[in-house]
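The sequence and structure come first.

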Amino acid sequence: MKFNEYADRDMLAIEVANEMAGDLKTHLLHNDLVSLAVAGGTTPAPIFDDLCAADIDWARVQVMATDERWVAEDNPRSNAAMIRARLLQNRAAAAQFMPFYLPGQDPVAAAVELERQLQDKLPLSVVLLGMGEDMHTASLFPGADGLAEALAADAPAFAVMRPDSQPEARISLTARVLDAAIAKHLVIFGEAKRAALERAMTLPPEEAPIQAVLSEARVHWAP
């Protein structure tokens, strides 16, 4: 794990977007298609605003979320909607997008279908992760039912999570898929999350799921 500290969040967004663009360009030199999995929520949105303008052959980039709430894209809690609005713009509008929410299916059935769709995209080329103060990442929440299975080395690519702290089911890439990504970036803001990350390094993944996906990750922090 490499820790990078920035004076402010604007500088972080610019630098992380540049690094991710460089990662994608490098992978495109050697592959016909590359995969990019990104966190939802508010933290990555400014990064997307910069990344979407990068001069990349976006038509060869397959974009997905790291996890998704089981809601339709017209729901304000949809990660897919945020990714479409902030990342799949400008030059990046040419990218392919793999939604996790499949209308008319339940999450368990969708996970099986999504696993089939994902097979030719592994290992993921570039991943952008976030982390909560509870040390969760993607939808891998401490104490959630099914967490041990989602952390297992032989886990399927997707896990359906139903954390008590959340109002809806979630579908998430599992730890083995996230950790196996060729390039990984974790973005966190504020002293509380920095302290949480430091604490996570002393805990097992069952208590701090972020710990399961940090091998060779680049961590980006700003106040």
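A charge sits over a ring if NZ of Lys or CZ of Arg is within 6 Å of the ring centre and within 35 degrees of the ring normal. By that definition R194 lies over the face of W221, at 4.6 Å from the ring centre. The model is predicted: local features need pLDDT of at least 70 and side-chain atom pairs count only at pLDDT 80 or more, while totals for chains, interfaces and linings use all residues. Residues are numbered from 1 along each chain as its sequence is written, and side-chain values use heavy atoms, with hydrogens and water left out.

**Helix α4**

- Helices (H or I, at least four residues) and strands (E, at least two) are DSSP runs, numbered from the N terminus.
- Helix α4 spans residues 107–118, and its 12 residues reach 16 Å from first C-alpha to last, close to the 16 Å expected at 1.5 Å a residue; the expected span is 1.5 Å times one less than the number of residues.
- P107, A110, A111, L114, E115 and L118 are the buried residues of α4, where buried means under 20% relative accessible area, exposed over 50% and partly exposed in between (1.4 Å probe, protein chains only).
- At the start of α4, the backbone nitrogen of V108 has a side-chain oxygen of D106 within 2.9 Å.

**Aromatic pairs**

- There are two aromatic pairs in the structure; rings of Phe, Tyr and Trp (its six-membered ring) pair if their centres lie within 6.5 Å, and planes under 30 degrees apart count as stacked, over 60 as edge-to-face and the rest as tilted.
- The ring centres of F100 and F158 are 5.0 Å apart and the planes are at 90 degrees, so this pair is edge-to-face.
- F100 lies in the loop between β5 (96–97) and α4 and F158 in strand β7, so the pair ties together parts 58 residues apart in sequence.
- Both F100 and F158 are buried.

**Two loop residues**

- A7 is in the loop between β1 (2–5) and α1 (9–30), and counts as exposed at 59% relative accessibility.
- From A7 to W221 the separation is 214 residues in sequence and 9.0 Å in space, C-alpha to C-alpha.
- S125, in the loop between α4 and β6 (126–129), counts as buried at 6% relative accessibility.
- Leaving aside neighbours within four places in sequence, S125 is in contact with H27, V34, S35, I182 and A183.

Notes:
A polar contact is a pair of N or O atoms within 3.5 Å; within protein, one must be able to donate a hydrogen and the other to accept it, and residues adjacent in sequence count only if both atoms are side-chain atoms. Contact means heavy atoms within 4.5 Å.
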